[in-house]
Each structure stands twice: as structure tokens, then as C-alpha cells.
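This briefing concerns one protein model and the surroundings of one of its helices. Please consult the sequence and structure shown here before reading on.

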Amino acid sequence: MAKLITIEQPLERESAVALGFFDGVHLGHRAVLRAAADCAAEKGLLSGAFTFAADSVPVKQGRTLSYLYTDRQKMQELEACGIERVYCPPFSQLCALDGAAFCREVLAGLFHAREVFCGGDFHFGAKAAWDVASLRQFGAEMGFAVHQVAPVLADGEKISSSTIRQALLDGKPEQAAALLGAPYAVLGNVVHGAALGRTHAVPTINIPFAAGQLVPRYGVYVSRTHTPQGCFDSVTDIGVKPTVSEAQLPAAETFLLDFSGDLYEQPCRVELLHFLRGERKFPNVEQLYRQIAQDQKDSREWLKQSEIETPAGRAGLQ
């Protein structure tokens, strides 16, 4: 698979382009992205995607937006869908363009688009005032064809990022995974925590959430963690660690079952599989760590009952 390249200059040849914000890159988004990639492969074009930087869209459809995935994670998902080139500017850079200017400067000028793919609810231009019908009119004038990809349904309803956000806020990672097409994951480099776990034989890795990123329901989850050393079953606490910390910035703190080693500053991806319990403050650290031991036991039992493949020994982080 060709490596994904972010662009600022016009492409060297014509392309098939997928359009969308692609937050979470759920099954509906993947249908649009793969349609563009398949078309590009069939016609000898470059496969491209236009999206906005994740943290640059504070409001979407009149509502405050907490985005699911950082740009780093979004780019990995776009690449997995077969996209070779992506233009991902901050929203403020293009928000004043009218529909014609967007098509002329971005699709025709930057992408040299020959085929364009989007969902039926795609809107573009200043104040999202232009729709798919407008896109087709501009395409007829500027030399690209527009393909509207049918929505992907789950239980008769169109899959949406807002539904996935609500599932995560409700502590339902299984529901989110069914719509995403893969478990919801927290991705980042491991940072140093308070290091209290070392004295209680439960060393953990900490991955902070980015500013503006959605934080799932606070609590403890059965999880799976991909590391450069391999993939491991794990237990993850989402929250602010009220028993041992005064910090108010949420993070994913994860204990890897059957692992020993140093992962500081290394990239890890933590997949949330099942919600075990809500976060709470314990009277003292000793009671906290007794509960952590129980969480580990409960996680192993859930994994055993769920018949989820034990990942030990599989390939590491991709």
C-alpha cells in the first residue's frame, strides 16, 4: 500500500477524491473513501481525500463538536482505506470560500480531480451553503464527475459520528465499535504519570486526550493495547484519577496484562472493548489498588467469556 502524503501543492496527476470531515472514519466514511480508492485504482488516478483538521471545527451543524480522533489517527485510518494523498487544512483557512471557489481552488486546482465522491448530506463552501447538486453543477463546468455514495445503515438507521459519540459518552464501546467497524481507540505516545503504580506492582501507561477531543464515559474498561513490542490484553481507566491526583486533565491510564517493560514516549493504541465500572474516589490508595486487582480479575473473566482472541504474540503497533 502506498504511503499517505499530506499535500499543499497541486498533484502531479489527476485524482479521484473523497470529501468529508471523516471524524472517526466510521463504516459510512469508509464506503466513501474506498469508493474513491477503488475508482483511482481502476482508472490509473491518484486516490485523494479532502478533510479538515480535527481540532479546527469547534461547531458542526450548529452544535459544539468534540472530535473522536486526532489528525494522527485519522490519517492512519485514511491510509488503511487506500488513500494516497490528503489535504487537511484548518477550517479557518477555507471557511470564507464560496462553493465555486472551493471547487476551483481545491478540487480542480489542487487535486486535478476527475472523479469526486461524497455522501448525500455533504455540504461545502461558506456557511455550508452548497450541496451535492451544486457540486455536480460545478463539476460539469470544471471537468470532474460527482458520485454520491449511499449511506451505510445499522438497524435501519444511517451511521453517524454523533451516534458514536453518544455511545462512548454512555459507556457503550461495543455499540461504537459496531458503527466504526473496529473498536474505538485512544492513540498517542506514552507520557509519564505519577509513577505511584510502581510501588504497588501495577505499572501503567498514560496517554492524554488532546484538547477538544471527546473523552468517553469516565470509568474502567476491558481493553486491548497495541505497542511496538506486541499486542496485549489490558485494563484502562478513563478519567482524572481522583484518588491519587489533583489533575483535572483526563487521560487513558492502562495496565497491560502479562507484560513487563518500558513504553515511555513510545506510540501505543488502546482499544476500548467493554465498560466495567464507573470512576470513583476511594478513601485511600490501598483500597484503590485492591479494586484495581479486582478489575484485572474481572477483565480476564470478561475476555474469557467473550471468546475474544488473546493477542499476545501478535504483531505490534502498525
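Helices (H or I, at least four residues) and strands (E, at least two) are taken as DSSP runs and numbered from the N terminus. On that basis, the protein contains eight helices and 16 strands. The model is a predicted one.

**The protein overall**
- The protein has 318 residues, of which 49% count as buried.
- Its exposed surface comes to about 15,000 Å², and 51% of this is supplied by carbon and sulfur atoms.
- Of the contacts between residues at least 6 apart in sequence, 74% join residues at least 24 apart.

- Helix H5 spans residues 132–142, and its buried residues are Val132, Ser134, Leu135, Phe138 and Gly139.
- Viewed down the axis of H5, these buried residues fall within an arc of 150°, so they line one face of the helix.
- An α-helix has 3.6 residues a turn, so residues three or four places apart point the same way.
- Gln137, Ala140 and Glu141 are exposed residues on the face of H5 turned away from its buried side.

**The ends of H5**
- At the start of H5, the backbone nitrogen of Ala133 has a side-chain oxygen of Asp131 within 3.2 Å.
- Just after H5, Gly143 adopts a positive phi of about 95°.

Conventions: Residues are numbered from 1 along each chain as its sequence is written. This is a predicted model: local features need pLDDT of at least 70, side-chain atom pairs count only at pLDDT 80 or more; totals for chains, interfaces and linings use all residues. Side-chain values use heavy atoms; hydrogens and water are left out. Buried means under 20% relative accessible area, exposed over 50%, partly exposed in between (1.4 Å probe, protein chains only). The arc is that of the directions from the helix axis to the C-beta atoms. A polar contact is a pair of N or O atoms within 3.5 Å; within protein, one must be able to donate a hydrogen and the other to accept it, and residues adjacent in sequence count only if both atoms are side-chain atoms. Contact means heavy atoms within 4.5 Å. Accessible areas come from the Shrake-Rupley method with a 1.4 Å probe; for residues, only the protein chains shown count as cover.
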